[in-house]
Amino acid sequence: MLDVGWGGAPVRGIIQSAVRSIEQVFPNRLCGVLRTENSEAGFQACLAAVEGGVHTIEITKTVPSCFELIRGLIATTGGRFPVGVGTVWDPGAVREAKDAGASFVVTPVVLPEVADACRQEDILCVLGALTPTEIYQARLAGAALVKVFPIGPVGGPEYVRALNGPMGGVPFWVSGGVPIDDIGEYLRLGVRAVGLTTSLFPPEALAHRDFELIRNNAHRAAEAAAAAIGD
């Protein structure tokens, strides 16, 4: 079990200053995406997720004290698991993310100004997009990874399959309505990272502090990813 304190511990020296590669940031191609109003429960949930096998965490800016939470996770885990900040609209948040020790920044839409800030801060940039035109614009803006969001409502794996024809070389992250049972299919389609929100962190589990359920969800997700990567 990991320690549970998360109060603003220093992180400099734990995270390398140079921008990390996609493979380093998403070592088993999974990312737990935390959205909650309760920072303390969210912290415990993230620890349960990494213990279960989801080795990358995104903390959205909608989470109270998100940067302190990022610092706490990095300090508590000794920097072994990449942590990023999501739902970033303001390029000024990129410096805050870097100062907190984040390994990556995620936007919900195409924001070239955030991509510019990521270049300046030397941090991996993930821009959100949905249509082929937006995906192209995201790559043109400098996204290392394009988050196809929300993937569930537009067809799930079938949408990725359709995109792979003309856009097969684009590194995709899929997020937004991804069930654990679909992880394998996404990875076999070449998706570089799969974001898990409510399928990993069910709102009722967070509300009732059912961290064992979250740990089990993470274990199922990690097994599905390992099986797909091994195919």
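User: How many aromatic pairs are there?
Analyst: The count comes to three aromatic pairs. Keep in mind that this is a predicted model.

User: Take F26 and F104. What are the distance and the angle?
Analyst: The ring centres of F26 and F104 are 5.3 Å apart, with 50° between the planes. That pair is classed as tilted.

User: Where do the two sit in the chain?
Analyst: F26 is in the loop between helix 1 (22-25) and strand 1 (30-34), while F104 belongs to strand 4 (residues 104-106). They are 78 residues apart, so the pair links distant parts of the chain.

User: Is F26 buried or exposed? And F104, buried or exposed?
Analyst: F26 counts as buried because its relative accessibility is 2%, under the 20% cut-off. F104 has a relative accessible area of 0%, so F104 is buried as well.

User: Which residues make up the ring cluster?
Analyst: F26, F104 and W173 are linked into a cluster by ring pairs.

User: Different topic. What sits over the ring of F149?
Analyst: The charged end of K147, 4.6 Å from the centre of that ring.

User: Now cavities. How many of 30 Å³ or more?
Analyst: Two cavities reach that volume.

Methods: Residues are numbered from 1 along each chain as its sequence is written. This is a predicted model: local features need pLDDT of at least 70, side-chain atom pairs count only at pLDDT 80 or more; totals for chains, interfaces and linings use all residues. Side-chain values use heavy atoms; hydrogens and water are left out. Rings of Phe, Tyr and Trp (its six-membered ring) pair if their centres lie within 6.5 Å; planes under 30 degrees apart count as stacked, over 60 as edge-to-face and the rest as tilted. Helices (H or I, at least four residues) and strands (E, at least two) are DSSP runs, numbered from the N terminus. Buried means under 20% relative accessible area, exposed over 50%, partly exposed in between (1.4 Å probe, protein chains only). A charge sits over a ring if NZ of Lys or CZ of Arg is within 6 Å of the ring centre and within 35 degrees of the ring normal. On a 1 Å grid over the protein atoms alone, a cavity is a set of points where a 1.4 Å probe fits but cannot get out, and a pocket is an open set with protein on both sides within 12 Å along at least five of seven lines; lining residues have an atom within 4 Å of a point. Grid points are joined across faces, edges and corners, and a volume is the space filled by probe spheres set on the points.
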